[in-house]
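I am opening a notebook page on this structure and will write down what I looked up, entry by entry.

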Amino acid sequence: MDIEEAVKIIQGNNDFVLTTHLNPDGDALGSLMGLGLALLKSGKKVSMVLPYPVLASYQFLPGCQHVLQPSDVLGRFDVGIILDCTEMARAGEKAQDVIENTRCLVNVDHHISNQYFGDLNVVDPQAAATGEIVCSLLVRAGITITPDIATNLYVALVTDTGSFQHQNTTAKCLRTAAYLLDCGAKHNLIHQCLYEQKSLDSLRLLSRCLESLALNKSGAIAWMTISQDVLLDSGAVFDDSDGMIDYTKSLKGVEVGILFKEVSPGEIKVSFRSKNYLDVNQLAACFGGGGHERAAGCTVQGRIKNVEALVIEKTEELLAASCGGPKR
Ligand code: 5GP
Ligand code: MN
């Protein structure tokens, strides 16, 4: 991991463009705006670019007002920094055009499936979140972390660790979180904004989603499905399904949880989570996706029932082949 090189690039340049992956989650947005605000505070010229507006549920993040559309930015930048993104295509075509038109591209990420596509790759699969790497970068670059920057980076950590519950919650992650609280991250505000502002429609969707829960014969695989019909019926939007997949894993005996979402007819977004030993990054890669060992995803084309059957068959196969078996 070339973190010292990245520090030099940050210190030695003045003109930056930043982006992250499509459908950005808390780590993507927190890392983007945490780093963006820090560079702005250091007196640098910074454009934070996203192809779509920031989701309403994340608009409490300080710095949202600085986010630009790709069509708002012109010309060539000295440095492009892409955050939390495994491969160029996941930035989306328009942001990709902007980020590729730079003299130096820095790829900052923590996914094990990262494709090392930057001129410089600051990739650390041990990091709980990209926000954790951004925090190290800022400390090494001697940039003061203000409460607004800390709030963004803390959101990155909270969301990617499932509120410090997932296996990626390391001592370093908790030390980083404590440091960010010392820097003024607003824990109460963050917790309420992320977890206590749900719409009634989103809870209706949860109830429909739980109704769809199914288990394979051995009880090691649990899955749920949200079809277009169910979504429309509930009045919710797909972003409201964030975190619902965790219910599959909450069942005793389940090793792999899967959520199928029919994002449009014939296009199924599949999310995977595993509890102890199945490498779901490898499973998602069988369908052209990726992620981490315990959380990954992919998009599969086909009718929802067919995609379910295909994916569950593959999951059974990898489970049977995982010679390590349950590690207790
Ligand atoms: P989620 O299931 O929450 O959408 O994603 C879980 C993890 O897998 C995240 O780290 C996310 O970046 C990654 N992921 C989800 N879908 C895809 C995909 O289609 N391709 C790749 N490379 N990673 C994905
Ligand atoms: Mn992440």
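I began with Asp160, which I count as buried at 16% relative accessibility, where buried means under 20% relative accessible area, exposed over 50% and partly exposed in between, with a 1.4 Å probe and protein chains only.

Before going on I noted that this is a predicted model, in which local features need pLDDT of at least 70 and side-chain atom pairs count only at pLDDT 80 or more, whereas totals for chains, interfaces and linings use all residues. Residues are numbered from 1 along each chain as its sequence is written, chains are lettered from A and ligands numbered from 1 in the order in which they are written, and side-chain values use heavy atoms, with hydrogens and water left out.

**Entry: the manganese ion**

I looked up which residues hold the manganese ion (ligand 2), and found Asp27 (OD), Asp84 (OD), His110 (NE2) and Asp160 (OD) coordinating it at 2.1 to 2.3 Å. Donors here are N, O and S atoms within 2.8 Å of the metal (3.2 Å for Na, K and Ca), and because water is not among the atoms, sites may look incomplete. Along the sequence I read the donor spacing as D-x56-D-x25-H-x49-D. His110 lies in the loop between strand E5 (102-109) and strand E6 (120-123), while Asp160 belongs to helix H5 (residues 147-160), so this pair ties together parts that are 50 residues apart in sequence. Helices (H or I, at least four residues) and strands (E, at least two) are DSSP runs numbered from the N terminus. His110 is also buried, at 2% relative accessibility.

**Entry: Asp109**

I then turned to Asp109, which is found in strand E5 and is buried with a relative accessible area of 0%. Among the residues that Asp109 touches, leaving out those up to four places away in sequence, are Asp84, Cys85 and Asp124, contact meaning heavy atoms within 4.5 Å.

**Entry: the cores**

I recorded that the largest nonpolar core has 57 residues, and that Leu18, Leu35, Ile81, Val106, Leu138 and Leu180 have the most contacts inside it. Such a core is a set of buried Ala, Val, Leu, Ile, Met, Phe, Trp, Tyr and Cys residues joined through side-chain atoms within 4.5 Å. A second, separate core of 24 residues includes Val270, Ile304, Ile312 and Leu319.

**Entry: Ser274**

Last, I checked Ser274, which is found in strand E10 (residues 267-274) and is buried with a relative accessible area of 1%. A polar atom of the Ser274 side chain lies 2.7 Å from the backbone oxygen of Leu278.

Definitions and conventions. A polar contact is a pair of N or O atoms within 3.5 Å; within protein, one must be able to donate a hydrogen and the other to accept it, and residues adjacent in sequence count only if both atoms are side-chain atoms.
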